[in-house]
Amino acid sequence: MPTSDIDFLNLLTDIIQKQIVILGRDVVLRKARSIGKITIDDTGAVTAVEGEAKVYLKSLIVSLAEISPESIRKTIEPMVSGNPELQALISHLQVEGKEDAAPTAQVPVVSPTSK
Amino acid sequence: MNLISYILIATNILGIAVIGFFLYREVKRRQEAVVQKKELARRFYELSVLKHLSEDIGYSLHVGRVVEGLVSTVKNLLQYSSISYVLVQQDKLNYKIQLQESVGSEYLKEAKADILNAVYEIDTHTRSNSVEEHVEGAAVDEKAVQAPTSYFNIPLVIHNVLVAAINVSSTQQNAFLPQDVDLLYRVINQATRAVERLESIVETEKGKLNSLLLSIPTGAVMFSIIDNVLQLTSLNTSAKEYLGLTGDPDTFKVITSFGKSFNLADKIRSVLEDKKTVILDDIKLNELNIKVFISPVFLYGTGKVIGVSITMENITFEKQIQEVRETFTHMVVHELRAPLTSMKGASELLISAKLGKQDQEKMLFLIKDSTERMLGDIADLLDASKIEAGKFAISKSRSSINSVIEQRVGVFIHVAESKGITIEPTLSPDIPLFEFDVERIGQVLNNLFSNSIKYTHQGGKIRVTTILEGNSVKIEVADNGIGVPKEKQAILFGRYSQAGQGGFKSGSTGLGLYISKSIVQSHGGKIWLTAEEGTGTTVSFTIPMENPVAQQKTESSFMSPQKYLN
């Protein structure tokens with residue numbers, strides 16, 4: 001279970017790299033870079049985040065779920081199995097996905113730079 | 001420069017500024033119009049795709065068709081070099097790529113890897129699936145070396161299962177506008193949710209139908225034509241029971257379980273060809289009589305046959321009823337014809353006036369006996385009918401069971417004597433008076449004595465015994481007659497059953513023991529039979545003693561048979 005910012009950075013990198021394989025580099029990097037001040041190289045490795053990595057991670061999940069909620073839930077859920085907070089977020093995505101509503105309408109997105 | 005010159009210059013500058021402003025506004029308006037037009041085009045695309053899908057999905061839940069429908073519309077939104085998709089099937093991945101422009105083998109290889117890696121990443125189990133590949137569209141240029149430089153994948157996950165993935169690729173860098181890509185994701189997500197909802201509805205309805213099918217007493221079997229092969233798709237509990245099947249039998253086992261009484265495969269073939277229901281009125285399956293309906297199943301709204309349904313109705317009970325009816329009719333005709341024939345013969349002789357007085361009396365007695373026999377048979381039939389209608393009633397009064405037995409012995413001892421049969425009563429003096437239906441218990445005794453006399457050889461013996469057993473009295477009528485074969489003992493208390501054999505003519509309706517059983521049971525007692533073929537029969541019954549009152553002991557209980565003859 002990730003506890004430190006380093007752990008969350010590693011988890012961020014794992015998720016982004018996995019989603020690059022699944023959805024494609026252009027889409028995932030665009031989504032990841034549009035959230036906040038983050039440094040990601042072309043392989044998807046996150047080298048720096050301005051703000052709290054955990055908050056950024058939540059925003060990234062919500063942002064990716066906007067385009068492919070079911071596959072995001074299916075592929076990210078096993079990666080966050082040790083984190084109840086992120087698991088709850090994923091479960092919420094599942095419900096929202098079935099309602100055809102944009103996940104962002106219910107999940108508060110906190111910019112990593114807002115703190 | 002004079003003032004006029006300044007004014008002219010200022011006017012020109014102002015004019016240019018005004019023109020520039022209007023030009024700027026026009027350019028901006030045109031730019032906004034282009035953006036709006038583009039946005040409208042996207043909205044139009046989204047609506048047209050969703051309309052197309054709602055129509056498509058409305059008719060089919062075939063994921064392949066839905067994906068093909070989606071793929072065919074993407075060119076209205078994006079410019080790409082290729083679009084490909086993978087359909088995830090049980091053991092294989094069906095990969096199809098449509099080329100919009102000529103590309104090389106390197107491009108094909110990478111485009112395939114891009115989508116397959118996505119599939120493998122989402123569902124690792126698919127790695128072991130074989131891949132079936134189809135390439136369509138523009139010709140492959142072996143000299144072209146360019147690989148896809150822009151691409152994105154859209155996975156289709158339904159009920160948490162990856163069913164397909166779509167890949168859009170281009171040889172151009174940054175070939176796709178983010179708004180277009182996001183729109184495509186949105187549209188495909190909506191399509192996926194629509195399929196998911198429809199599947200849920202279908203599954204729910206299927207669940208309801210299955211529950212109904214499982215619980216009904218009618219056997220139901222459904223075979224569907226899948227890939228031109230008839231496959232078992234549904235088999236309910238009743239059908240399994242009728243066919244003697246357990247577990248999850250396959251198509252072959254179900255077809256062969258119908259046995260050799262008819263060829264099910266042939267019948268199914270004729271139903272598929274003629275598109276008409278075939279009814280098999282009475283098929284014997286595992287000792288059951290089954291009526292079988294084999295019907296074609298049509299695709300909704302078409303004449304296309306997509307399977308065969310078999311419904312099985314258990315008609316064993318109806319068959320038994322039919323047999324009972326036939327037995328009944330036969331018995332009534334036979335039993336009533338015999339005394340009527342005697343009566344007719346006697347009447348004719350009497351009319352002829354050729355008989356002496358003694359013979360005339362004989363004929364009159366014969367008519368009387370025949371009439372009594374017929375009335376007895378009719379009374380039995382009425383009793384049986386009351387029993388079946390649940391209207392059989394008894395009327396109890398306090399009385400002596402021993403007295404009733406003595407009275408009955410008195411009636412039968414003459415007939416027994418005429419056959420050289422003795423009746424030996426052994427009646428317990430300890431039995432108190434208690435409440436029972438004197439007439440009906442007398443009827444039971446009549447039946448038992450009558451049977452014993454009928455099935456006992458000359459010189460035989462009938463013993464009747466009463467025994468006090470707690471709060472009940474047990475009455476036994478035992479003979480040393482022909483006995484009853486083991487296989488017939490169980491059915492003797494049923495309707496129209498007779499044990500007649502060994503040269504003995506039954507000459508009865510066969511309702512005696514059936515009525516006796518009902519009378520005893522109406523008193524809360526039990527009746528049973530022990531017998532051995534060739535040795536004799538003992539019929540015993542009990543009557544619980546209701547409101548017993550002790551009675552004075554008399555010697556009558558142990559009187560000799562001679563008493564009844566006086």
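How many residues of chain A are in contact with how many residues of chain B? I began my entries with this question, and I find that 17 residues of chain A are in contact with 20 residues of chain B, where contact means that the C-beta atoms, placed from the backbone, lie within 7 Å.

Before going on, I note that this is a predicted model, in which local features need pLDDT of at least 70 and side-chain atom pairs count only at pLDDT 80 or more, while totals for chains, interfaces and linings use all residues. Residues are numbered from 1 along each chain as its sequence is written, and chains are lettered from A and ligands numbered from 1 in the order in which they are written.

**Entry 1, the side of chain A that touches chain B.** I looked up which elements give two or more residues to this side, and they are α1 (5-23), α2 (25-35) and α4 (69-76) of chain A; helices here are DSSP runs of H or I with at least four residues and strands are runs of E with at least two, numbered from the N terminus. The most comes from α4(A), with five residues. By class, I read six nonpolar, four polar and seven charged residues on this side of chain A, with Ala, Val, Leu, Ile, Met, Phe, Trp, Tyr, Cys and Pro taken as nonpolar, Asp, Glu, Lys and Arg as charged, and the others, Gly among them, as polar.

I located M79(A) in the loop between α4 and α5 (84-98) of chain A. It counts as partly exposed because it has 14 C-beta neighbours inside 10 Å; a residue is buried with 20 or more other C-beta atoms within 10 Å of its own, exposed with 12 or fewer, and partly exposed in between, the C-beta atoms being placed from the backbone. Leaving aside neighbours within four places in sequence, M79(A) is in contact with L11(A), D14(A) and I15(A), and although M79(A) and I15(A) are 64 residues apart along the chain, their C-alpha atoms are separated by 7.9 Å.

I counted 14 helices and 18 strands in chain B, and 28% of its 566 residues count as buried. Five of the strands form an open sheet of mixed pairing in the order β3-β2-β1-β5-β4, two strands being paired if DSSP finds at least two bridges between them. The edge strands are β3 (130-137) and β4 (150-158) of chain B, each pairing on one side only. I then followed β4(B) to β5 (residues 161-170) of chain B, to which it is joined by nine bridges in an antiparallel run, with V157(B) standing opposite L162(B) in β5(B).

I see β17 (residues 536-544) pair antiparallel with β15 (residues 472-479) over eight bridges, where V477(B) has V539(B) as its bridge partner. Three residues lie between the strands of the hairpin of β16(B) and β17(B), in which G534(B) takes a positive phi near 85°.

I checked the length of helix α10 (residues 401-418) of chain B: its 18 residues should span 26 Å at 1.5 Å a residue, and its end C-alpha atoms are 26 Å apart, which agrees; the expected span is 1.5 Å times one less than the number of residues. I noted buried residues in α10(B), among them I401(B), I405(B), F412(B) and A416(B). Just after α10(B), G420(B) takes a positive phi of about 75°.

Notes. Two residues are in contact if their C-beta atoms, placed from the backbone, lie within 7 Å.
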